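Subject: Structure handover

Hello,

Here is the structure you will be working with. My notes on it follow below.

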Amino acid sequence: MREVKDLIKDKKIDLKRLEKFGFKLINKSYYYHTSLLKNQFKMSVKISLDNSIFTEIIDTETNEPYVLHLLEMKRSGYSEKVYKAYNEVLEKIQKECFEDERFKANYTKEIIEYVKNNYGDELEFLWEKSPKNAVVRRKSTKKWYVAILTISKRKIGLDSNEITEVINLHNSEEEIKKLIDCKKYFPAYHMNKKHWCTICLDGTVELKEIYKLIDISYELAE
């Protein structure tokens, strides 16, 4: 079997979802088997509890391992079809069996759940060069009302190079002036400082207060 790494980068296994998908626990690893291209190939996926994932494709005619789909430079029309079918299985497993772990702070995870449960909106990762930065848009207007970023505290004026997760929220110019104290509420990082503020998601501002500000930001995204 060959290890697959990129598929589960910044991901966490959900064991219940693995079992629901069809994986079976054998000797401390989960196994899943399926067929590809009208039973021309058998595909096996092994996921270990340390978050490593391995795959194997067997040609059912020869009963030998098939590897041409893994050789990007040599993939032709047929091996490209195998690769596409193989990749579709992996993408489905990633979507249905793993949780996103790009953000580590408990506050951040609670906020993501709050937004999802109250507004039905999901994070959008828009910047390839900044994979740990995301925004949330209001469905009806496509306007942003939340940005969650991973930055150095020094970028918001604090005397520290510690990396932290922050949230940017929209509010009225009058309220922004009242909020900004450069201790709990900071001038917005990388956004309009008259209408947005930044909050560190490290417990300096209580979640219930952040939730209220998210609600205001959502309303302003009309």
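Does aspartate 14 count as buried or exposed? Aspartate 14 counts as buried, at 15% relative accessibility. Please keep in mind that this is a predicted model.

Salt bridges

Aspartate 14 pairs with arginine 17 in a salt bridge whose closest N and O atoms are 3.6 Å apart. Arginine 17 is partly exposed, its relative accessible area being 29%, whereas the 15% of aspartate 14 falls under the 20% limit for a buried residue.

The search of the whole structure gave 10 salt bridges. Among them is the one between arginine 154 and aspartate 159, with an N to O distance of 3.2 Å. Here arginine 154 is partly exposed at 40% relative accessible area, and aspartate 159 is exposed at 71%.

Glutamate 206 and lysine 208 also form a salt bridge, 3.8 Å from N to O. Glutamate 206 is partly exposed at 48% relative accessibility; lysine 208, at 59%, counts as exposed.

Helix H2

H2 covers residues 77–97, which makes 21 residues. From first C-alpha to last, the helix spans 30 Å, close to the 30 Å expected at 1.5 Å a residue. Its buried residues are Ser79, Val82, Ala85, Tyr86, Val89, Leu90, Ile93 and Cys97. Viewed down the axis of H2, these buried residues lie within an arc of 130°, so they line one face of the helix. On the face of H2 turned away from the buried side are the exposed residues Gly77, Lys81, Lys84 and Lys95.

Nonpolar cores

The largest nonpolar core contains 26 residues. Within this core, Ile111, Tyr145, Ile167, Ile199, Ile210 and Ile214 have the most contacts. At least two of its residues come from each of helices H3 (106–119), H4 (173–179) and H5 (207–220), and likewise from each of strands E9 (134–137), E10 (144–152), E11 (163–170) and E13 (196–200). H5 contributes the most to this core, with six residues.

There is also a second, separate core, made up of 25 residues. Val4, Leu7, Ile57 and Tyr66 are included in this second core.

Regards

Technical notes. Residues numbered from 1 in each chain as written. Predicted model: local features only at pLDDT ≥ 70, side-chain atom pairs only at ≥ 80, totals over all residues. Heavy atoms only, no water. Salt bridge = Lys/Arg side-chain N within 4 Å of Asp/Glu carboxyl O. Buried < 20%, exposed > 50% of the residue type's maximum accessible area, 1.4 Å probe, protein only. Helix = DSSP H or I, 4+ residues; strand = E, 2+ residues; numbered from the N terminus. Expected span 1.5 Å × (residues − 1). Arc of directions from axis to C-beta. Core = buried A, V, L, I, M, F, W, Y, C linked by side-chain atoms within 4.5 Å.
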